[in-house]
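Subject: Structure handover and notes

Dear colleague,

I am passing on the structure below, together with some notes on what turned up in it.

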Amino acid sequence: MGKVIAIANQKGGVGKTTTAMNLGVGLAKEGKRVLLIDSDPQASLTMCLGIREPDQLSATIVDVIEKVVNEEEFPESYGIMSTDAGVDLIPANIELSGAEISLTNVMSRELIYRSFVEPLREKYDYILIDCMPSLSLMTINALACADSVLIPVQAAYLPVKGLQQLIKTIATIQRRLNQKLRFEGILLTIVDARTNYARDIIAEVKEVYGETIHVFDVSIPLSVKASETTAMAKSIYDYDPKGKAAAAYSTLTKEVLQHAE
């Protein structure tokens, strides 16, 4: 049975999409069957994987959601695309922002994702869900169907401060919707290790959360190359394979694999 990991943080710009892509590709390089699900109407993950015009796609996660809501039968492969990066993808586009509104009166609306993700566990070793930067209905859906949540956090004061609300939300979902949900870990990102400020933030996160939530040993360094991967539609392994960001994501991949054992 495949493992489902939601990559979530209500704060934008903390490296969720970069982490989803590079962790997914890293797992694929380790021989794992990987599906990435873009759950953000900005479609950043979709575009990162080389799909430049997501609004023109014939089937996205919105179409999958509609079929679940309307109780239509559809093949497990519906909406899934293969990519040159070696991972499969359920893409998103701007229509996802409207889908949330349409789900307002739907029964069990927090469990829509679970309906179509559960059957895919047999086909994939890892299913990674890239959540939108908000504690929205779609983010709740992702957390309600996941085994664990990985939280990328920029090594800066405000993003770390926002962890408190996210953790409270996750605890509520654990109690009400998904008792098996666990923390995969907190991943410090965009870290400028040359500064005392970044080192102090990392120490604070480990002190405040380290006893109850796993904090990954590796942190993702501040890297121009890593930020450029989005525009280049390449993983860090293809764009800058010998760089510090590629080494960090490779270490993260190994930590995630060890965590699963």
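Throughout these notes, two residues are in contact when heavy atoms of theirs lie within 4.5 Å. This is a predicted model, in which local features need pLDDT of at least 70 and side-chain atom pairs count only at pLDDT 80 or more, whereas totals for chains, interfaces and linings use all residues. Residues are numbered from 1 along each chain as its sequence is written, and side-chain values use heavy atoms, with hydrogens and water left out.

I begin with Asp40, which sits in the loop between strand S2 (34-39) and helix H2 (44-48); helices (H or I, at least four residues) and strands (E, at least two) are DSSP runs, numbered from the N terminus. Once neighbours within four places in sequence are set aside, Asp40 is in contact with Ala92, Leu96, Asp130, Cys131, Met132 and Pro133. Asp40 is buried, a word used here for under 20% relative accessible area, with exposed meaning over 50% and partly exposed in between (1.4 Å probe, protein chains only).

Seven strands, which is to say 7, form an open sheet in the order S3-S4-S2-S5-S1-S6-S7, with mixed pairing, where two strands pair if DSSP finds at least two bridges between them. Its edge strands, each pairing on one side only, are S3 (81-82) and S7. Strand S6 (residues 148-154) runs parallel to S7 and is joined to it by 7 bridges; among the residue pairs, Val149 has Phe183 as its bridge partner in S7, and Leu150 stands opposite Gly185. In strand S7 (residues 182-189), 7 of the 8 residues are buried, so this strand is largely enclosed by the rest of the structure.

By C-alpha to C-alpha distance, Gln174 lies 25 Å from Ser102, and the two are 72 residues apart in sequence.

Turning to charge pairs, a search of the whole structure finds 9 salt bridges, each being a side-chain nitrogen of Lys or Arg within 4 Å of a carboxyl oxygen of Asp or Glu. One of them joins Lys3 and Glu184, whose closest N and O atoms are 2.8 Å apart; this pair links distant parts of the chain, with Lys3 in strand S1 (residues 3-7) and Glu184 in strand S7, 181 residues apart. Lys3 counts as buried because its relative accessibility is 18%, and Glu184 is buried with a relative accessible area of 1%.

Another salt bridge is formed by Lys254 with Glu30, the closest N and O atoms being 3.8 Å apart. Since Lys254 lies in helix H12 (residues 244-260) and Glu30 in the loop between helix H1 (16-29) and S2, the pair ties together parts that are 224 residues apart in sequence. Both residues count as partly exposed, Lys254 at 41% relative accessibility and Glu30 at 40%.

A further salt bridge connects Asp147 with Arg121, with 2.8 Å between the closest N and O atoms. Here Asp147 lies in the loop between helix H6 (137-145) and S6, and Arg121 in the loop between H5 and strand S5 (126-131), 26 residues apart. Salt bridges that share partners join Glu118, Arg121, Asp147 and Lys180 into one network. Asp147 is buried, with a relative accessible area of 18%, and Arg121 is buried as well, with 4%.

Finally, the aromatic rings. Rings of Phe, Tyr and Trp (its six-membered ring) pair if their centres lie within 6.5 Å, with planes under 30 degrees apart counted as stacked, over 60 as edge-to-face and the rest as tilted, and by this rule there are 2 aromatic pairs. One of them is the tilted pair of Tyr113 and Phe116, at 5.4 Å centre to centre and 55° between the planes. Tyr113 and Phe116 both belong to helix H5 (residues 112-117), 3 residues apart, about one turn of the helix, and both are buried.

Kind regards

Notes:
Lys, Arg positive; Asp, Glu negative; His and termini not counted.
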